[in-house]
Amino acid sequence: MSRRLHSPTTRLSAAPLSRSRRKALQWFALGCGCAMCGSVNARLLDFDLQAVEIASKTWAVLGRSEGFEQDNGGNIVNVAFIEAPDGVIVIDTGPSKRYGDALRQLIEKTIPGKPILRVYNTHHHPDHFLGNQSFDASVIAAPQKVIDNIALEGNDMTDNLYRLLGDWMRGTLPVAPTLSMDADKENVGGKQFSLYYLSGHTSSDFVIRDDDTGVVFSGDLAFLYRAPTTPHADIAVWHQSLDTLKNIDKSLLLPGHGPHDKKGEAIEQTKDYIDWLHGSISESVSQGLTMNEAMLLPIPKRFQGLGVVRDEYVRSVVHLYPSLEDELFPVIEINQ
Amino acid sequence: MVYLMKRFNAKLFFSFSNCQSVFLSGLLLMLAISTVTVSGAAMARDIPPDPLNSIMWTSMAERFMPEGEIVFDDRVKVMAPFSAEDQFHVPVTVDASQLDNVEKIIIVADLNPIPLVMNMRPVKALSYIGFRLKLQQTSPIHVGVKTTDGVWHVGYAVIDAAGGGCTAPAAAHGNADWMRTLGQTRAIASRTDNSSARMTMRMRHPMDTGLAVGIPAFYLNELEVKNSAGELVASLELFEPVSENPTFTLRPQVGIEADTLSVSTRDTEGNLVDFALSIPAASDS
């Protein structure tokens, strides 16, 4: 098992670039998170992806409600593909080249002989775009901010997944979308999509609605039975985006992680969790608790059924503490 | 595989050092019997094997806990996450408040290029410190708490981390104006009970390690807290691995009356920052 660290060349980045580089270095996965204590796996590294038809000519490939681990190879994310009269539309591409290749095969098996006309990336987190390499870059589309985020942080996030997942990542390189989206609607292959430019989970969260079926692909603005992640979150903005998402007319919602949802549970559960998270961590900061003390606090029963909730809560303490300290601690008069 | 080799070597090394120490202790005993004073006892002390099998443990003990018996002690609690979400800000809380007569607390990150993080003397404060450090790679953390009888009580944790925490430029350097906010401090303080308080402070400072290309070392290296009677509450000697915008939580011991804590800090360029924090009287809180 190799533990790949950041190459010396990227460590020499000039000072003005350091902020983005640091942000990217901070994008650290959860769980045991250490390649060295994962069990040596003799079996073939095969995802065995399954397509679930969640609506007419619409398939979801559902990931496990876990963190990045050697045992799951990073298959923890939902991706989807849709058959249009003239071709196929793909939403997110998974965590690696290996996953992207497996997804291409699954699409070919499910809808033989149709060209892939469009790939949308919902945001720049590595589990959602690192399969881009398996697709023609000229059809991959996202808002400009997602493209910028991938350009800034893609390399370091890729390095970190190599560190966590080892050989599952072999050959994977970050490929940014080439089409910068800003239209409210797009017609692809005889099907119309409504596009929403939201944020809060990251600085740019792209939501896609299939106007024929009414299926909404929320990316990571919504989670279901899997704890939301916060490495780039702005909780207040995220809350507003969930209100917007709620008001979009839909027959079904596919969250970024967790099962597809007909009853509006994902939006409510995500909102409930991030509001609790913000409130609980604010309270810990106000009491002067250290991060370590806050990490031990109980998590309400209603969230116990969310996958990896303790791991994600511990990560969120690290993500949210510094800005809440700046917000909640008064500036003290100093003598210099 | 490499990791296993390291563990194996470390074990071999420890068993060797134990044998050697037993032999040396025997030799010393003989010397002592022949009425020679055991002034060389410190050199021959038995450094106990590290439960983490850190390959650097013996070196850490020799460099930073130079004299006195060393015992691993559960009363030195080291709270740290298994995995550093952010290798620039890894939270650690040390609580050795179950130990009496604590003279000083030293904190080392064995595999950091600069291992020594801090040397704290709790005088009128609980033997407790919350802080954040930078990690260059996955590392054991050892905390030595020296009691006035000369014994080092040692606690530990190991933290998995992505690389580069000590050699990347501080975030401050992404902003040309960073010096304007240098020393800006945010803090809160409150009373916990009739005899103790809790203070948390966060100061703007890049805490440059000197290991990022073109940026010399520049860090907060002294922090002292006194009470209104002028008595020393705690003093902290700080080193390069302490995180940017250093954040500390301390638990001063106070009387039931209101008190004002005076905090004074100094960095390696001689910049002094002083401020005061009020603790309400027990009857008011």
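Residues are numbered from 1 along each chain as its sequence is written, and chains are lettered from A and ligands numbered from 1 in the order in which they are written. In this predicted model, local features need pLDDT of at least 70 and side-chain atom pairs count only at pLDDT 80 or more, whereas totals for chains, interfaces and linings use all residues.

Me: What pLDDT does chain A average, and what does the term express?
Reply: The term pLDDT denotes the predictor's confidence in each residue, from 0 to 100. Chain A averages 90, and 87% of its residues score at least 70. Over residues 1-42 of chain A, however, the pLDDT is below 50, although this stretch has 93 contacts in the model beyond near neighbours in sequence. A contact requires that the C-beta atoms of two residues, placed from the backbone, lie within 7 Å. Where pLDDT is low, the predicted coordinates should not be read in detail.

Me: Which residues of chain B have a pLDDT under 50?
Reply: Chain B averages 88, with 84% of the residues at 70 or above. Its pLDDT stays under 50 over residues 1-24, which have 11 contacts beyond four places in sequence, and over residues 26-42, which have 6 such contacts. For the complex, the predictor gives an ipTM of 0.85 and a pTM of 0.86.

Me: Why are β8 and β12 of chain A said to stand at the edges?
Reply: The open sheet has 5 strands in the order β8-β9-β10-β11-β12 (chain A), with mixed pairing. β8 (185-188) and β12 (252-257) each have a single partner strand, so one side of each is left without a neighbour in the sheet. Neighbouring strands of this sheet are turned by 30 degrees against each other on average, direction ignored. Strands here are DSSP runs of E with at least two residues, helices are runs of H or I with at least four, and both are numbered from the N terminus.

Me: What makes β9(A) and β10(A) a pair?
Reply: These strands have 6 bridges in the antiparallel sense, β10 covering residues 205-210.

Me: Why are α7(A) and α9(A) called oblique to each other?
Reply: Angles run from 0 to 180 degrees between N-to-C directions, with axes fitted as lines to C-alpha atoms, for helices over the stretch in contact. Angles under 35 degrees count as roughly parallel, over 145 as roughly antiparallel, 65 to 115 as roughly perpendicular and the rest as oblique. The axes of α7(A) and α9 (residues 309-328) of chain A come within 9 Å and cross at roughly 60 degrees. The two helices are therefore oblique to each other. The residues of their contact divide into 8 nonpolar, 3 polar and 1 charged; Ala, Val, Leu, Ile, Met, Phe, Trp, Tyr, Cys and Pro count as nonpolar, Asp, Glu, Lys and Arg as charged, and the others, Gly among them, as polar.

Me: What makes α6(A) roughly antiparallel to α7(A)?
Reply: The axes of α6 (residues 235-247) and α7(A) come within 10 Å and cross at roughly 165 degrees. That angle makes α6(A) roughly antiparallel to α7(A). Their contact has 6 nonpolar, 3 polar and 3 charged residues. Among the residues of α6(A) that meet α7(A) are A:Trp238 and A:Leu242.

Methods: Pairing = 2+ DSSP bridges.
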